[in-house]
Amino acid sequence: MSSDFEAYEQEFGTLTAEITNKIGRIPKLGGEEKTQLVLNVDKQLEEVRELMEQMDLEVREIPIQSRGMYQSRLKSYKGEMEKLEKDFKRSRIAYSDEVRNELLGEDAGSSESQKAHLLDNTEKLERSSRRLEAGYQIAVETEQVGQEILANLHSDREKIQRSRDRLRETDANLGKSSRILTGMLRR
């Protein structure tokens, strides 16, 4: 299982390197080339999100003893993914500002208060996204704890059933012994 995780790690590294390179090229390009590159990066980011989900599933399948190491690695990859998404948003905002300026002309730019309002809304959106991510993380951790509790309960149930079977067997043996002793006393 850890070999699957490591394969996912290699794919993650390759994809993030490509995305970082393309994000750096977005502001330097123009027209249709820039639009295609933005769409391509968006598609690759979706691939990375799916890859992160696969890695998360793999970590859940790893034995509890070594799961912690993989969870910390996955957490750092999630942080790297968030940074990539922020960088991409910034490059897209710069890209959309350039397109707007091209369409409307340089003199039709937004005022300082509109820019401040836009930045404020962007920050609120990012905070909300972080809260959602934290909520998701709590749900995942709760699910893991629930799985561990269910595994413990299953184990305890099996032990109780084995004890009950031994008790019935002992009761049957005691009944048989009692009948034998009663028979011996009569003789």
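Trainee: Let me start with one side chain. What is the relative accessible area of arginine 49?

Mentor: Arginine 49 has a relative accessible area of 30% and is partly exposed. That label sits between buried (under 20% relative accessible area) and exposed (over 50%), with a 1.4 Å probe and protein chains only. Before we go on, this is a predicted model, where local features need pLDDT of at least 70, side-chain atom pairs count only at pLDDT 80 or more, and totals for chains, interfaces and linings use all residues. Residues are numbered from 1 along each chain as its sequence is written, and side-chain values use heavy atoms, leaving out hydrogens and water.

Trainee: Which residue forms a salt bridge with arginine 49?

Mentor: The general idea comes first: side chains of opposite charge can pair when their charged atoms come close. The rule here asks for a side-chain nitrogen of Lys or Arg within 4 Å of a carboxyl oxygen of Asp or Glu. Arginine 49 pairs in this way with glutamate 46, their closest N and O atoms being 2.9 Å apart. The two residues are three apart in helix 2, about one turn of the helix. Glutamate 46 is partly exposed, at 38% relative accessibility.

Trainee: How many salt bridges are there by this rule?

Mentor: The count comes to 10 salt bridges. Another one joins arginine 60 to aspartate 56, with the closest N and O atoms 3.2 Å apart. Both lie in helix 2, four residues apart, again about one turn. Aspartate 56 is buried, with a relative accessible area of 7%, and arginine 60 counts as buried at 18%. Arginine 60 also meets glutamate 143 in a salt bridge (3.3 Å, N to O). Because arginine 60 lies in helix 2 and glutamate 143 in helix 4, this pair ties together parts that are 83 residues apart in sequence. Glutamate 143 is partly exposed, at 37% relative accessibility. Elsewhere, salt bridges with shared partners join Glu46, Arg49 and Glu85 into one network.

Trainee: You keep naming helices. How many helices and strands does the protein chain have?

Mentor: Four helices and zero strands, which gives the pattern α-α-α-α along the sequence. Helices (H or I, at least four residues) and strands (E, at least two) are DSSP runs, numbered from the N terminus.

Trainee: Which residues have the most contacts inside the largest nonpolar core?

Mentor: In soluble globular proteins, nonpolar side chains tend to be buried together. The largest such core here has 23 residues, and Ile19, Val41, Leu45, Val48, Met52, Met55 and Phe88 have the most contacts inside it. Helix 1 (2–25), helix 2 (31–61) and helix 3 (64–104) each give two or more residues to the core, and helix 2 gives the most, with nine. A core here is a set of buried Ala, Val, Leu, Ile, Met, Phe, Trp, Tyr and Cys residues joined through side-chain atoms within 4.5 Å.

Trainee: Which residues does methionine 52 touch?

Mentor: Leaving aside residues up to four places away in sequence, methionine 52 touches Phe12, Leu74, Tyr77 and Lys78. A contact means heavy atoms within 4.5 Å.

Trainee: And what share of the 187 residues in the protein chain is buried?

Mentor: Buried residues make up 20% of them. Of the contacts with a separation of 6 or more, 75% come from residues 24 or more positions apart.
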